[in-house]
Every structure is written in structure tokens, then in C-alpha cells.
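Colleague: Please take a close look at the salt bridges for me, and explain each term when you use it. I would like to follow where the partners sit along the chain and how open their surroundings are.

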Amino acid sequence: VQAPDDLTSYAEYMNPEEPPAPHHVYLCDRLTDMAEGVIPRMTISMPPGHAKSTYASRIFPSWWLGKNPKKRYIQAGHSQNFVENEFGKKTKAMVESERFSAVFPEVVLAADAKAAGYWSLAKHGGSYLTRGVGQGIAGFRAHMAGVDDPFATREDAESETIRNKVWDWFSADFTTRLLPDAPLFIVATRWHSDDLIGRVEDMNRKKKGLPWFIINLPAICV
């Protein structure tokens with residue numbers, strides 16, 4: 001009953017075998033704040049294995065599109081193959097599921113746009129696009145966007161060349177695809193102080209651009 005309007009309830013309904021832990025409830029509340037325009041920009045950093053991608057980059061996009069079936073969503077990651085298989089395909093599977101149909105009965109996939117990297121919604125016209133770091137996004141604008149794991153490995157994060165490449169793509173290409181007032185979040189495991197989230201935190205300290213809401217949940221919280 002609460003799933004259409006409550007992200008935590010939706011997450012539990014869609015995945016009853018693994019109910020949300022307290023940190024998942026907190027994450028759902030902040031993602032809801034983004035969906036409602038309370039938080040314009042957000043970073044989410046947690047250790048591996050804490051289901052941050054499950055909630056932020058699979059459950060949340062499917063719920064958001066269910067609530068906003070006329071709008072467009074972009075999901076990015078370190079490579080096109082990664083983002084298609086880990087996010088595009090799995091989020092699409094949620095939207096195609098019987099449980100999703102029970103929550104959002106009017107929202108269904110369009111028959112002619114079902115690729116893992118790009119799919120759209122019948123009748124309403126909303127859509128979902130995936131892009132890997134470095135991939136062009138010209139011609140597509142979004143009402144909501146997420147970046148999940150912009151670095152494939154720790155070795156990549158330790159390379160200044162790759163860090164600069166990720167930053168240049170993020171700041172000059174990816175963020176320019178956002179429509180006015182469109183929220184944006186980054187979710188990642190931190191591997192380097194100067195990684196994408198690190199550079200965003202530095203901008204935040206210097207009060208450059210829109211303020212970012214920073215979530216940093218360590219493996220051992222004191």
C-alpha cells in the first residue's frame with residue numbers, strides 16, 4: 001500500500017528476502033529528498049558489499065520512473081558494458097516484474113525500446129539511458145541522473161591520468177545533460193582522496209557551484 005509513495009516500503013516489497021537495514025532506510029530517505037527536490041546534489045560512499053548500488057542505482061531508478069513515467073533518467077558508470085549489465089538490465093527487469101506492475105500498474109515498457117542500455121515507457125514517454133565514462137550523451141537530456149562506480153579498479157583510481165579523464169567527462173559532458181533543477185548523485189567505494197567524490201568534496205568546501213549533500217558511511221562506524 002505504501003510502496004508507490006515510500007521508497008523504503010517499495011524496496012522491501014520488491015526484495016522481501018532482504019529487508020532494508022538501518023543504513024538502507026537512511027539512504028532511501030535521502031534519495032527521497034532528492035526525488036522531492038530537497039537535495040540537488042549528493043554523494044554516497046560506502047565500503048563494498050553494503051548494497052549501495054542495489055538501492056541507489058537499481059531500486060531507486062525503477063521507483064522514480066514509476067512515479068515519474070514522463071521523465072528521463074541517465075545512469076552512468078565506469079564503462080558502457082558495466083553500466084548496461086549491472087544497472088540498465090537489472091533496473092529494466094524490475095520494471096518488467098509482476099511486483100512492479102502491482103505497485104505501478106499503468107507503467108509498462110515500450111515494445112520498441114527495450115535494449116539494456118536504453119529503454120522507454122509506453123504511453124507516458126519516459127526513458128532510461130546508460131552511459132560509460134567517456135561515452136558521448138549528445139541529444140539526450142535528463143530530469144534525474146546517477147553515477148555509480150566511475151572507476152573500474154583501485155589501480156584506475158590511483159592513476160592521475162584516469163582521474164582527470166573521469167573528471168573532465170563528468171564536468172564537461174555528463175553534467176551538461178541535466179535539465180534545469182535536475183538532481184544528481186554519485187555513489188562509489190572510495191579508493192583515492194582525489195577521486196571523483198574527493199574532487200566534489202573539495203568544490204563543496206570552496207563553495208563552488210551547487211551545494212552537495214555528503215554521505216560517508218565507513219565500514220566500522222564509531
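Predicted model: local features only at pLDDT ≥ 70, side-chain atom pairs only at ≥ 80, totals over all residues.

Modeller: Residues are numbered from 1 along each chain as its sequence is written, and side-chain values use heavy atoms, with hydrogens and water left out.

The partner of D202 is R205, and the closest N and O atoms of this salt bridge are 3.6 Å apart (a salt bridge is a side-chain nitrogen of Lys or Arg within 4 Å of a carboxyl oxygen of Asp or Glu). R205, at 60% relative accessible area, is exposed. Both residues belong to helix 8, where a spacing of 3 residues puts about one helical turn between them (helices, H or I with at least four residues, and strands, E with at least two, are DSSP runs numbered from the N terminus).

Elsewhere, salt bridges with shared partners connect R58, E86 and K90 into one network. Within this group, the side chains of K90 and E86 come together at 3.2 Å, N to O, and both residues lie in helix 4 (residues 80-96), 4 residues apart, which is about one turn of the helix. K90 is partly exposed at 38% relative accessible area, and E86 is also partly exposed, at 28%.

The pair to consider next is R163 and D194, whose side chains form a salt bridge at 3.0 Å, N to O. This pair links distant parts of the chain, 31 residues apart, with R163 in helix 7 (residues 160-174) and D194 in the loop between strand 7 (184-188) and helix 8 (196-205).

Methods
Buried < 20%, exposed > 50% of the residue type's maximum accessible area, 1.4 Å probe, protein only.
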